[in-house]
Amino acid sequence: MVLVGPPGSGKSTVGALLARRLGVTVRDTDTDVERTAGKPIPDIFVEDGEPRFRALEAAAVRAAVTGHDGVVSLGGGAVLDPESRALLTGLPVAFLDVPLGEAVRRVGLDVPRPLLAVNPRQRWRVLMEERRPLYTEVARAVVETAERTPDEVAQAVLDALEITTP
């Protein structure tokens, strides 16, 4: 199972809950990118540039989607890469959709998110205009996260993808 969505949608939190319920492990491609680069994502953006980050991200997506049997949480921009989107074809993918206000509240202004550093509300809105069609393209299910607890979102993902827990 793969989770996609914007920053603040709860992919990491819900991914961990789903993995626990399904008795599998969770793999977060942002964590994989940081491990490979040996530094946090904001530092990759500043020191190496966005193209380098996107190359690392595409490699992390490829490794996770082809080599991990559990839950995979993709970074918010992973769907920008056509090859990454192609890898998701036929897989149980859920798009965690979150409203702007809730996403900004969850992300917080003190959390280092390189693409949301300046005017986070406007930047998030622009990112979603660009990415929403890609999220919906790859997703088998769209799960609204507004006014739901992470446990409720995890259950909604399982229900939407028609996956039963052991």
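Are Phe45 and Phe53 buried or exposed? Both are buried, meaning under 20% relative accessible area, where exposed is over 50% and partly exposed lies in between (1.4 Å probe, protein chains only).

This is a predicted model: local features need pLDDT of at least 70, side-chain atom pairs count only at pLDDT 80 or more, and totals for chains, interfaces and linings use all residues. Residues are numbered from 1 along each chain as its sequence is written, and side-chain values use heavy atoms, without hydrogens and water.

**Aromatic pairs.** The structure holds two. Rings of Phe, Tyr and Trp (its six-membered ring) pair if their centres lie within 6.5 Å; planes under 30 degrees apart are stacked, over 60 edge-to-face, the rest tilted. Phe45 and Phe53 form a tilted pair, with 4.9 Å between centres and 35° between planes.

**Helix contact.** Helix α3 (residues 41-48) packs with helix α4 (residues 50-67) at about 135°, with axes 7 Å apart. Contact means heavy atoms within 4.5 Å.

| Helix | Residues in the contact |
|---|---|
| α3 | Ile41, Ile44, Phe45, Asp48 |
| α4 | Glu50, Arg52, Phe53, Arg54, Leu56 |

Five of these residues are nonpolar, none polar and four charged.

**Cores.** A nonpolar core is a set of buried Ala, Val, Leu, Ile, Met, Phe, Trp, Tyr and Cys residues joined through side-chain atoms within 4.5 Å. The largest has 20 residues; Val2, Val4, Leu74, Leu88 and Val93 have the most contacts inside it. Helix α7 (120-138) is among the elements that each supply at least two residues. The largest share, five residues, comes from α7. Apart from this core lies another, of 18 residues, including Leu3 and Leu18.

Terms used:
Axes fitted to C-alpha atoms, helices over the stretch in contact; angles between N-to-C directions. Helix = DSSP H or I, 4+ residues; strand = E, 2+ residues; numbered from the N terminus. Nonpolar A, V, L, I, M, F, W, Y, C, P; charged D, E, K, R; others polar.
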